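The report below describes a protein and the DNA strands beside it. The sequence and structure come first.

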Amino acid sequence: MSGDHSHNEGQIDCGSRVNDSYKHKDKYKEKEHKHKDHKKDKEREKSKHGNSDYRDSSDKKHKEKEKIKHKDGSTDKYKDKHKRKEEKLKSLDGKIKKEKENGFASPPYVKSEPEDEFYQSPRHDKSLKRERDDDNDSEFKPKKIKTENDKKAKKRKQDDDIKSKKTKNKKGEVTDGKKKAKKEPEEKWKWWEEERYTDGVKWKFLEHKGPVFAPPYDPLPSNVKFYYDGKPMKLSPEAEEVATFFAKMLDHEYTTKDIFRKNFFKDWRKEMTSEEKAIITDLKKCNFSDMSEYFKAQSEARKAMTKEDKQKIKEENERILQEYGFCIMDNHRERIANFRIEPPGLFRGRGDHPKMGMLKRRIRPQDIIINCSKDSKHPEPPPGTKWKEVRHDNKVTWLVSWTENIQGSIKYIMLNPSSRIKGEKDWQKYETARRLKKCVDRIRNQYREDWKSKEMRIRQRAVALYFIDKLALRAGNEKEEGETADTVGCCSVRVEHIKLYPESDGQEYVVEFDFLGKDSIRYYNKVPVEKRVFKNLQLFMENKEPDDDLFDRLNTSILNKHLQELMDGLTAKVFRTYNASITLQQQLKQLTNSEDNVPAKILSYNRANRAVAILCNHQRAPPKTFEKSMQNLQTKIDAKRDQLSDAKRELKISIYLGQINNISKKKAVQRIEEQLMKLEVQATDREENKQIALGTSKLNYLDPRISVAWCKKFGIPIEKIYNKTQREKFAWAIDMADEDFEF
DNA sequence: GGATAAACTTAGGAAGCCCAAG
DNA sequence: CTTGGGCTTCCTAAGTTTATCC
C-alpha cells in the first residue's frame, strides 16, 4: 500500500538508461562556458524581477496578494548572493557582464487553472515537535541493558591495561601476555543491545594514537633526470617533489587537459627557487619521461619482490594497523577508517573540475587538530613537532581533522563502518526511512495538492518533491561557481536539463532529463509524468533562459524545512533511502522463486539489487576487460556443455550395458549440469551488470535487514550476499533480523 | 534569514590481493 | 611458477544536512 509508488516502471529494464558519464560526452563542455557567463546575469535578473512581475492579478486574489508579496519578498533567495557574485565577478574579470534582458524569475503566485477543483487539502498535523533524535521510535529502542557507570569505568581501565601491554609489544604481534582474548576482540560486542546516548554526546571516553603521516619525500637518485628544453636540470627538492607528482601521472589523460596543466604549472612554480622559476617558464618544454620511467621500474620491482620481502611489508603494515588503526571508545577497541593522512599530490577532481591539477600540499603535525578525551593518553606528535590543537569535544565523532588546501574544507579521521558510532547512525537512518513508509501516502497526497497551489514557491516545491520521490533524485544544493564541476541535483536543475514532450512514443506528458549529477555522472531518463506536473513544468520554464534554474523559488534548505514539518527527521535523502529499500523488498518478493537453486536465487537477488542501482543511477565505467572476460566465460560455458554431453553419453552407454552401478555417472551428469547452470547464470548476471554498480546501494541505501531476512527465508548463506567487510558493517542487522522482517 | 562552516554520508575509481587456470 | 582477472580494500572527492554566525 504505502510502498507501492512504482516509480521505476521501465527503469528496471537496464537498457533504458543511457550510460554516459562525462568521459564520453562532449556536449557538456560547450555548455559549460556559456553557463558560466550566464549564471551571474541570471541571478542579478532574478533579484530584479523577483517580486514584481507576477503577471496575473485576478481580483479574487487581492487580499492574498498582500500576504504573498510580503512573504515572497523576504524570501527571495538571490538578493545577497547576487551582490556577492557581482563583486567577485568584477574582481575576476575586471568588467561587469551585460545584464540579461529577458531572464525572468517565476511570478510569485499562479492563477489556478480551470480544472482545479478547490477543496480543503487534508491538513496534516505538525503538532509533533521535533524531539531530537528518533528517540520516540519504538523500533529503534535497543533493549535497556544494565546501566553501569562505574562498571564502565572499570571496564575502561581494563581495556587500557590490555592496550598498554600491547603497545609495548615490539613485534606487533597481537599476542598479549595473559589471554588471546585480544585476537578475537572479546565475543563481538553487540552495541545494538545497549542504550544509546541521547543528548548529542557521542562518547564518554576516546583514546587514540593520532594519524599516520605520509612518508617524507624521498629525492630521486642522481641518475634520474629532469630535462628542460632538452637539457638536464637538477631541481631543488621542493620543486622536484612536485615534478614527480606530475611524472607519476604522465600517462593519465589528466595531464593532457589544459586546465590540469595550467593549474599544475602555476602551483609548481610556487615551489620553485627563484632561479628555477626564471628558467622554467613553459610546461611544454619540460620532459618528465625519465622520471616517469623510473617510477614504472620501481613499481615493477615492487611487484617482482620475493615472497619474503612482501611478507615483511605486510607484517609492517599490520603492525601499523594494530598501533594506529584502532582507538578506544567507551571501553571498546574500535577500528578507525582512514588513519593515514592523505599524501601530497595533484588534485584529481571528477568531471570538468576547475581545480584539477592543483597541488595538494603535504599535511604536517602543526596542521592537525586532535580530538580525544581529556583523561586519555593523548597522542604524541612526531618528535620535534606540535599539533595545531588538542581538543576534547565529545559532541563530534572525529578523532583527527585538518583543513585541506584545495577547497579549504575540513577533512576528518573517523571510525570504520563496523563501529558502534557509525552503526547506530546507519540503523537510525533506516528507521527514519521506515517511518517515512508509514506516512508516505499522506505526503504524496499533500504534494499532489500543492501542484495546484496559488503560490509559485509551493508548486515548485511540490513538483521538486515529486521528482525526488518518483525518480530518487538527490536534493541538489547550489554550488559555488568556479570551485567545482558544474553538476546539479533536483533543486538546482536548470531549464536546459529537461525537455518536455506532450507526446512521445505513444505516451503522454513525457519529461526527458539529461544532466550531470554527483561525480559528474550523467543522469538520463525519459519518463511520463502526471499532467499537472507537466503543466507546471511548462509554467516554470516560461520566459526563462536555458541556464536559468527550473525551480527558481526553491532550494534545498527551503525544501528540507518543509519536509521537517511533514515528518520528524525527514529530509530529501530519506526518500532515496526509502525508495531504494522498498524497491529491493518488492523486487525480491517478485523475483525470487523458492523452487530455484541457490545460484538462481542469488541471480534474483542481484536483479533486485540492480533495479535499485538503476533507480539511484549508480553507474560505473564498464570494466576495461569486460568484453574479454565475457568471452572467456562463454568459452568456459561451451566447454562445460561439451563436458555435459560427454557425461550424458557415458551414462547412456552404461545404462545400455545394463550396469546397475551407474550412480556415480548420474551424479556426474547432475554435477555438471549444475556447474553449467551456474556459469550461465553468472554470464547473465555479469552482462546485465556491465555499467551498473551494485555496491553503492548495497552499502548505503538498502536496509540490510531486508537482505538478512531474505537469506534466512530462502536458506541462502549470508556470505553469498555480504562479504566479510559488509558483514562487519551490518553485524547489527545480521544479528537482529529474522525471516519475518518487513521494512 | 541567508551565508558559511562543520560534520557526516555517499560515491566511483585505483590499487592491492588472491586464487584459478595455463 | 606465472599470469590474468575478479573481488576487496583503499582512497578521497563530492554530496547532504546541521550548526553557527552575522
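## Backbone, DNA surfaces and selected residues

Asn-543 is partly exposed, with a relative accessible area of 44%; buried means under 20% relative accessible area, exposed over 50%, and partly exposed in between, with a 1.4 Å probe and protein chains only. The model is predicted: local features need pLDDT of at least 70, side-chain atom pairs count only at pLDDT 80 or more, and totals for chains, interfaces and linings use all residues. Residues are numbered from 1 along each chain as its sequence is written, chains are lettered from A and ligands numbered from 1 in the order in which they are written, and side-chain values use heavy atoms, without hydrogens and water.

Asn-543 sits in the loop between α12 (531-541) and α13 (556-566); helices (H or I, at least four residues) and strands (E, at least two) are DSSP runs numbered from the N terminus. Its phi is positive, near 60 degrees, although the residue is not glycine. Asp-519 is another residue other than glycine with a positive phi, of about 65 degrees. Asp-519 belongs to the loop between β14 (507-516) and β15 (522-528), and it counts as partly exposed because its relative accessibility is 33%.

**DNA strand C.** Around DNA strand C there are 29 residues, the closest being Lys-411, Gly-476, Lys-573, Lys-628 and Thr-725; a residue is near a strand if one of its heavy atoms lies within 4 Å of it. Of the atoms of DNA strand C that come within 4 Å of the protein, 89% belong to sugar and phosphate. The residues of this surface comprise four nonpolar, 12 polar and 13 charged. Here Ala, Val, Leu, Ile, Met, Phe, Trp, Tyr, Cys and Pro count as nonpolar, Asp, Glu, Lys and Arg as charged, and the others, Gly among them, as polar.

A polar backbone atom of Asp-519 lies 3.1 Å from a phosphate oxygen of DNA strand C. For a polar backbone atom of Lys-573, the distance to a phosphate oxygen of DNA strand C is 2.7 Å. Two or more residues of the surface near DNA strand C come from each of α14 (572-591) and α16 (626-656).

**DNA strand B.** DNA strand B is surrounded by 33 residues, with Tyr-412, Lys-422, Lys-518, Arg-576 and Tyr-701 the closest. Sugar and phosphate make up 86% of the atoms of DNA strand B that come within 4 Å of the protein. The surface near DNA strand B divides into eight nonpolar, nine polar and 16 charged residues. Among the elements that supply at least two residues each are α10 (420-450) and α14.

| Residue | DNA atom | Distance |
|---|---|---|
| Thr-487 | phosphate oxygen, DNA strand C | 2.8 Å |
| Lys-429 | phosphate oxygen, DNA strand B | 2.8 Å |
| Arg-474 | phosphate oxygen, DNA strand B | 2.8 Å |
| Arg-350 | base nitrogen, DNA strand B | 3.4 Å |

**Helix α10.** Arg-444 lies in helix α10 and is buried, at 7% relative accessible area. The side chains of Arg-444 and Asp-469 are joined by a polar contact of 2.6 Å. Cys-439 is also located in helix α10; Cys-439 counts as buried because its relative accessibility is 11%. Cys-439 and Met-567 are 8.0 Å apart in space, C-alpha to C-alpha, and 128 residues apart in sequence.

How values were computed:
Polar contact = N/O pair within 3.5 Å; in protein donor to acceptor, adjacent residues only side chain to side chain.
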